Amino acid sequence: MRFADLAAAYDRLEATKSRLEMRHRLADLLRPLRGDELAIVLYLSQGLLRPEYEGVELGVADSLARRAVALATGGEDAAIARAAKASGDLGRTAQELLERRRATTGARPLEVGEVYEAMRAIAAASGEGSQDVKVQRLAGLLERASPLEGRFLVRFVLGTLRVGVREMTILDALNEAFADGAKPSRAAIEEAFNLSSDLGLVATTLAGGGVAALATIGLEVGRPVRPMLAEREPTLEAVLARMGGRAALEFKYDGLRVQAHVPRDGPVRLFSRRLEEIGAQFPELGPELARAVRRPPAIVEGECVPLDLDTGEIQPFQDVARRRGRKHDLDRVAEEIPVCLFLFDVLLDGGTAVYGEDFPSRRARLERLVRPTERVRLAEQKVVDSPDVAKEFLDEAIAGGGEGVMAKSLKEGSAYRAGARGYWWIKYKRDYTVGLSDSIDGVVVGAFHGRGRRAGRFGAFLLAVYDPGRDRFESFTKVGSGFDDAALAEMPKRLARWASDDPPASVDTGVAPDRWFRPGVVLEVRGAELTVSPVHRAALGRVRAGAGLALRFPRFTGRYRDDKGPTEATTSAELLEMYRRQVRQAAPEEPDAPAET
Ligand code: AMP
């Protein structure tokens, strides 16, 4: 195909407002194409060189494109910059300049395949001298381009193609061009896309063998599946009613969704919800997954959350967000912000595609497939059939660091529906609308060795409240945030005289710090909310049997309460009162806020 024909088609598409008309035009463009050329035209039309998940980027900045335009048209860089600024579109500017240029006689017309190869070369050029290579390749194309072709070449490299064809429109057009245009064909095309995330593959398969051939597109390790999504309901009663009175509830972890592809040999690959490859940002997860998954090849899904390895407590989502998109110091950050992947689904099990099986069968497979490790675990789950039990589980989920629960249908038809949002999964979050306004004065009873940047000194401290009735210091949180370098240097000095080789008799905690301290130093902290906790002992058993109260997401305010002795710190009773106030405040907005038991 001539690139001029593609540019003309883009020109028409750009002028089209109606989605229906756009579909017809796109179908006309695609109908004569087959094989590689069809795939290439699809990628290019979306402004891509490869399916989006491969993350191939052109790496062409404005200035670079301007240099290429200058080279090809004999224009002057500064003048081009001014014109582009005025028009807001370097593509248009290039087009105008090419119109004024003397017609190039005898230049070979550009072919789509050749433009594509040049674009791949531009994308691949990296390192020293690569900028010049990119400019030369682009200028080479522009020299042979018509003004209209020039406009789209420039826009393409800048990532501003704007012909406006969305994935859904492309699926419609494929149906029109290569199938009967009816609904069942459309559904089959969409399903193939959801499973493969590759429009080029779907189109060439369809054009080559019709709708029936789409069934050959299966799962492939290394090619992400578009994730299944959840609906929401306002109450747990409504959630259960939707699911026929019975459902599997899981903790809803607040982190990053991860789809892990575990091959038989070679490195594990991780994809985000948006199908970006994110394995490099979590270097510790790949090897751990390779150990945890008993039968590769496999594709499993889970939520990645920061986890405090000492207390087993889930940490704020912002921590994992800090690891996302990082390019440097990845190992150090991995040490500093350890994460855990809580797996909740399996799509490929020992090479067998199981996404079509109902959820109970997939969960059973997941349990057999995965041998849990420190950082790869299964999502907490319970099958419930009454709102009361569901509420209890919600409580547990919040206490365990979840942001709510995810209900999963157990009914027939509860297959993994790639790329679809539906009532097979329903999320229910309990958003506390109130933060904890009071600060808490906590007594330092332990310390933890720092990791990463804080290696070689204490990185966090175990704090307790005081129970005058028992004359005990009961732990309620581990705090590491809010200490600047000066504070971190200061803490060992303040603590030195309180150091203790053994757990002090007056301290009550389920956590094992690296160093113990007798109660002496008091710090002021604030946090997001109080929850029940299996490891902390403040007000033990007062809210729930066997559980204490814990402060989530604590932060040192910077204030040492030297004015307070340890027995003048916040008491367990005060903490319990703060918890009750918080539950009462949350109640009016939240019909499902837990009743205290
Ligand atoms: P939302 O992003 O609020 O629409 O909620 C859906 C997201 O919850 C999913 O995409 C996952 O990232 C996340 N999630 C956390 N825990 C679970 C779970 N147990 N099952 C499914 N998704 C979960």
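Predicted model: local features only at pLDDT ≥ 70, side-chain atom pairs only at ≥ 80, totals over all residues.
Close-up 1. A disulfide needs the two sulfur atoms within 2.5 Å. The structure holds zero disulfides. C304 is buried, with a relative accessible area of 0%. C340 also counts as buried, at 0% relative accessibility.

**Close-up 2. Residues around the ligand.** The ligand has 13 residues around it, and E250, R257, E303, K408 and K427 come nearest. E303 places a polar side-chain atom 2.4 Å from an oxygen atom of the ligand. A polar side-chain atom of R273 lies 3.1 Å from a ligand oxygen atom. Y253 contributes through its backbone: one of its polar backbone atoms is 3.1 Å from a nitrogen atom of the ligand.

**Close-up 3. The second largest cavity has a nonpolar lining.** The model contains three cavities of 30 Å³ or more. The second largest cavity holds about 60 Å³ of space. Its lining consists of F3, Y10, L44, V115, M119, F152, L153, F156 and L161. Two or more of these residues come from each of α1 (3-14), α7 (112-124) and α9 (147-158). The largest share, three residues, is from α9. By class, the lining divides into nine nonpolar residues, no polar and no charged.

**Close-up 4. A cis peptide bond between P296 and P297.** The bond that joins these two prolines has an omega of about -5°. P297 is found in the loop between α14 (285-292) and β5 (298-306).

**Close-up 5. Positive phi at S197.** S197 is not a glycine, yet its phi is positive, at about 55°. This serine sits in the loop between α11 (183-196) and α12 (199-213). S197 is buried, with a relative accessible area of 8%; the cut-off for buried is under 20%.

**Close-up 6. Positive phi at D471.** D471 has a positive phi of about 55° and is not a glycine. The loop that holds D471 runs between β13 (458-467) and β14 (472-479). D471 is partly exposed, with a relative accessible area of 43%.

Methods. Residues numbered from 1 in each chain as written. Heavy atoms only, no water. 1 Å grid on protein atoms, 1.4 Å probe; cavity = no way out; pocket = protein on both sides within 12 Å on 5 of 7 lines; lining within 4 Å. Points joined across faces, edges and corners; volume = space filled by probe spheres on them. Helix = DSSP H or I, 4+ residues; strand = E, 2+ residues; numbered from the N terminus. Nonpolar A, V, L, I, M, F, W, Y, C, P; charged D, E, K, R; others polar. Buried < 20%, exposed > 50% of the residue type's maximum accessible area, 1.4 Å probe, protein only. Near = heavy atom within 4 Å. Polar contact = N/O pair within 3.5 Å; in protein donor to acceptor, adjacent residues only side chain to side chain.
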